[in-house]
Amino acid sequence: MAEQAKIQSTKVTIIRNDAFVQTADNLKPTLFNNAITPTQLINVQSDSTAMHNWRTVHEADIAALDNRAFGKGESVIIDFGDHQVGYVSFDIKPVGSPPDAPLKLKLTFGEMPVEMAEPFSSYNGWISSSWLQEETLIVDVLPRHVELPRRYSFRYLKIEVIDTSPKYRVSFLNMTCNTVTSADIDNAIQLNHSDPLLQEIDRVSIKTLADCMQDVFEDGPKRDRRLWLGDLRLQALANYPTFQSNDLVKRCLYLFASVPDERGAIAANLFIEPHLIADDTYLFDYSLFFTVTLYDYYLATHDEATLKELWPTAMRQVELALERLDHRGIVKDEDTWWSFIDWHEQLNKQAPSQAVLIYTLRRAIHLSKAVGCKQSVDFEQRLIDIEKATVECLWDADQGFFVSGDQRQVSWATQIWMALAEVLPEDNNKALMLRLLSVKPEVGPTTPYMYHHLVEALLVVGCRDEAIEHLKTYWGGMLSDGADTFWELYDPQNKDFSPYGSHLINSYCHAWSCTPTYLIRHYDL
Ligand code: RAM
């Protein structure tokens, strides 16, 4: 039995498994660096047809930067040509009289043109404005070589000269971004698809995944820069047929298993620095995805030792989820953020969560048999009972849809997850998805996360053409709207959508949108 230490937090007691922490530490990835130089100077112009109403226009070749000198109130926007994650350095040279006052600069980093155009002071969302990427730099002595200490996620860098003095101006030279990723890009498995759009979607998916692959699989290098279980599951799927950084998946699984609470529940996300800390957010679906991610990892690697060691943690997530069933065998609903599923404000989480439980139970049964655990017998019986209860209580035969919550809500998320969980017989499952596409209930998908599940559900039920069409329209839509990497949020009907109150804070390189490479390759689209 591994040595365990107890860490008291406000709400829960974390039972730390030091042996697991050690295993995770031993699997720390190598980081790859690459020095990137910018490609051009740009301006932003308002354009009602462009994403967020802003487009970039070429202002000058990058060579022009060396010969320009900037005084008080002047600014420049530098384009690094593609999305970058890394550390920026440059030289500042004074021009004119000896600098008789410090130099004050404001630097603004943006993944999207809108971040160059709209002042961050206009941000009024509910999550911290400190995620907006900016920096004030005061330089006493010139010339100076600057190495910014923070890692930034960006394509554009705006430099505003707040002040010099009337006697001198400044030039910026040797602008460089030293990029960082743990993805071995040179050795990624290539795809040669005959469809140029699918080829391009695959390329941008891999770029998105690589930029999120750091010391752990981060959800987004701009925000939250954190290991979330729901994102990890999808990143791992995209990783197997591309970078095959399977040890990074293993490391993340061990990190999650290192810090369960006193009931054995796995947190929804982890902080890695200054040391491993489980966030005090627990989500029903995300905890279950520990089990699912282990299942996918085992299928991809056949790593029996890891399966054996992590199986008790995986089994525990299912047991805890089963404890949430009411007397009918239906997951209890609650008016809190108890399960994630998707960001749609009106979405009721009960039925989709029920489906996630069924989806996970199937995989847990497979794993329990693989490790020779007698729990498989109980899980098999529970699965039969729960599926029966689901059809009895949540299936609305008149509407031909599953319903969720007291208000019997019919949402896309519910049908999609029920289809993935394969609750109905094959033909009915396919009919369910086709009905969903034709009826189009009001509570729809709002994130690439939910669109991933929509496309995969279509593939699972055998609607291949519809799946390809949705994949191309949705992710292709992001490309037409200027994506260098795929975004955290994209609602084609409401392109400014943000669950955080402002599109400025959205992440435009987000793990959960990198899955087309998995869908295209795994399902041979
Ligand atoms: C957001 C992040 C993350 C996601 C959670 C639920 O904070 O975008 O990717 O997993 O929500």
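**Figure 1. Buried residues of helix H12 in the predicted model.** In this predicted model, the buried residues of helix H12 are Pro 448, Tyr 449, Met 450, Tyr 451, His 452, His 453, Leu 454, Val 455, Glu 456, Ala 457, Leu 458 and Leu 459. Helix H12 is thus mostly covered, with twelve of its 13 residues buried. The helix comprises residues 448-460 and reaches 18 Å from its first C-alpha to its last, close to the 18 Å expected at 1.5 Å a residue. An α-helix has 3.6 residues a turn, so residues three or four places apart point the same way.

Figure 2. The residues around the ligand are Asp 219, Arg 223, Asp 224, Trp 228, Asp 231, Tyr 286, Phe 340, Trp 343, Glu 488, Tyr 500, His 510 and Trp 512. By class, this shell has six nonpolar, one polar and five charged residues. For Asp 231, a polar side-chain atom lies 2.5 Å from a ligand oxygen atom. In the side chain of Asp 219, an N or O atom is 3.3 Å from an oxygen atom of the ligand. For the side chain of Arg 223, the corresponding distance from an N or O atom to a ligand oxygen atom is 3.5 Å. On its own, the ligand has 290 Å² of accessible area, of which the protein covers 96%.

Figure 3. Strand E7 spans residues 103-110 and is mostly covered, since six of its eight residues are buried. Six bridges join E7 to strand E8 (residues 134-139), and the two run antiparallel. Within this pairing, Lys 106 has Thr 136 of E8 as its bridge partner. Strand E7 also pairs in the antiparallel sense with strand E10 (residues 152-163), over seven bridges. Here Lys 104 stands opposite Asp 163 in E10. In a regular strand the side chains alternate between the two faces of the sheet.

**Figure 4. An open sheet of three strands.** The strands of this open sheet have the order E12-E13-E14, with antiparallel pairing. Strand E12 (227-228) and strand E14 (277-278) stand at the edges, each with a single partner strand, so one side of each is left without a neighbour in the sheet. Strand E13 (residues 269-271) is joined to E14 by two bridges. Phe 271 stands opposite Ile 277 in E14. The loop between E13 and E14 contains Pro 274, which is joined to Glu 273 by a cis peptide bond with omega of about 0°.

Figure 5. Most residues other than glycine have a negative phi, and most peptide bonds are trans. A cis peptide bond, with omega of about 0°, joins Leu 142 and Pro 143. Pro 143 lies in the loop between E8 and strand E9 (144-147). Gln 244 has a positive phi, near 55°, and is found in the loop between helix H4 (229-239) and helix H5 (246-258). At 47% relative accessibility, Gln 244 counts as partly exposed. Arg 408 also has a positive phi, near 50°, and is found in the loop between strand E16 (401-402) and helix H10 (412-421). With a relative accessible area of 41%, Arg 408 is partly exposed.

**Figure 6. Thr 306 in helix H7.** Thr 306 has its place in helix H7 (residues 304-322). The relative accessible area of Thr 306 is 1%, which means that the residue is buried, the cut-off being under 20%. Thr 306 and Phe 70 are 236 residues apart in sequence and 57 Å apart in space, C-alpha to C-alpha.

Terms used:
Residues are numbered from 1 along each chain as its sequence is written. This is a predicted model: local features need pLDDT of at least 70, side-chain atom pairs count only at pLDDT 80 or more; totals for chains, interfaces and linings use all residues. Side-chain values use heavy atoms; hydrogens and water are left out. A residue is near a molecule or strand if one of its heavy atoms lies within 4 Å of it. A polar contact is a pair of N or O atoms within 3.5 Å; within protein, one must be able to donate a hydrogen and the other to accept it, and residues adjacent in sequence count only if both atoms are side-chain atoms. Accessible areas come from the Shrake-Rupley method with a 1.4 Å probe; for residues, only the protein chains shown count as cover. Ala, Val, Leu, Ile, Met, Phe, Trp, Tyr, Cys and Pro count as nonpolar, Asp, Glu, Lys and Arg as charged, and the others, Gly among them, as polar. Buried means under 20% relative accessible area, exposed over 50%, partly exposed in between (1.4 Å probe, protein chains only). Helices (H or I, at least four residues) and strands (E, at least two) are DSSP runs, numbered from the N terminus. Two strands pair if DSSP finds at least two bridges between them. The expected span of a helix is 1.5 Å times one less than its number of residues.
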